[in-house]
Amino acid sequence: MQACVLGLHEDLPRVITNIREAINHDADFASVVAAASTIGILLGSREPLEAGDLTEIPALLHATYERAIYLIGSVQSAADQANQLLQALARLRELLVSAVGQSLDAELYWNAVQQVSTVHESSLMRGGATGLLYSAGLISEEAVGISLQGHLSGLQLPQDAISFLRGLRFTAREAAWQQSELLNILDKLLQEMDMVTFIGLLPELRLAFAEMTPKETD
């Protein structure tokens with residue numbers, strides 16, 4: 001992208017070769033998603049950047065996208081990395097729904113998201129993946145409620161339920177605050193907490209509610 005902006009078009013074949021090699025060796029999911037997103041922007045802006053002759057760009061986009069999908073299955077996140085991974089997962093969906101993303105195999109993405117929603121170690125990631133599935137119409141409101149209820153009743157730590165809700169709100173804001181079933185489940189969770197548990201959960205609760213609009217707060 002920078003080479004095109006600077007007018008270094010004669011160097012682009014070498015640049016693309018280097019990029020392809022770097023992507024093939026990159027094991028960082030968020031990094032590869034960022035590359036795919038930027039390549040998508042370049043593909044959609046080839047004419048203004050006088051890069052219309054770069055026939056390698058579509059193939060490079062496909063290869064980068066498939067590399068990102070591959071990395072979803074192997075990604076393991078520490079707590080401090082979950083937000084970054086969740087943002088990358090949502091960013092990959094944005095690429096899919098863009099004009100240049102129509103040529104990509106969306107089924108690969110949704111199969112991977114489905115797996116994340118059920119087996120990922122991070123409840124934040126599971127919530128985010130569930131929100132993506134809901135926003136795409138691939139699961140129902142009832143299924144979202146069942147998932148949240150499962151985190152509430154099936155896990156020992158209440159913060160897992162709050163983290164799941166955070167992830168859900170990140171990718172499907174409308175589901176998190178417009179579904180009466182979800183609100184009832186959250187209300188039950190809060191009512192059943194003792195004061196010690198509630199104080200311990202305040203950091204997660206603040207994160208879950210901090211970005212709400214005044215209407216959502218009401």
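**A walk through an all-helix model**

Of the 218 residues of the protein, 42% count as buried, where buried means under 20% relative accessible area, exposed over 50%, and partly exposed in between, with a 1.4 Å probe and protein chains only. This is a predicted model, in which local features need pLDDT of at least 70, side-chain atom pairs count only at pLDDT 80 or more, and totals for chains, interfaces and linings use all residues. Residues are numbered from 1 along each chain as its sequence is written, and side-chain values use heavy atoms, with hydrogens and water left out.

The protein has 13 helices and zero strands, these being DSSP runs numbered from the N terminus (helices H or I, at least four residues; strands E, at least two). Its C-alpha atoms fill a box of roughly 65 × 30 × 30 Å along the principal axes.

By class, the residues lining the largest pocket comprise 16 nonpolar, three polar and one charged; here Ala, Val, Leu, Ile, Met, Phe, Trp, Tyr, Cys and Pro count as nonpolar, Asp, Glu, Lys and Arg as charged, and the others, Gly among them, as polar. A pocket is an open set of points on a 1 Å grid over the protein atoms alone, where a 1.4 Å probe fits, with protein on both sides within 12 Å along at least five of seven lines, and lining residues have an atom within 4 Å of a point. At least two lining residues come from each of α1 (2-5), α2 (12-25), α3 (29-44) and α4 (57-74).

Helix α3 also contains Ile41, which is partly exposed, with a relative accessible area of 46%.
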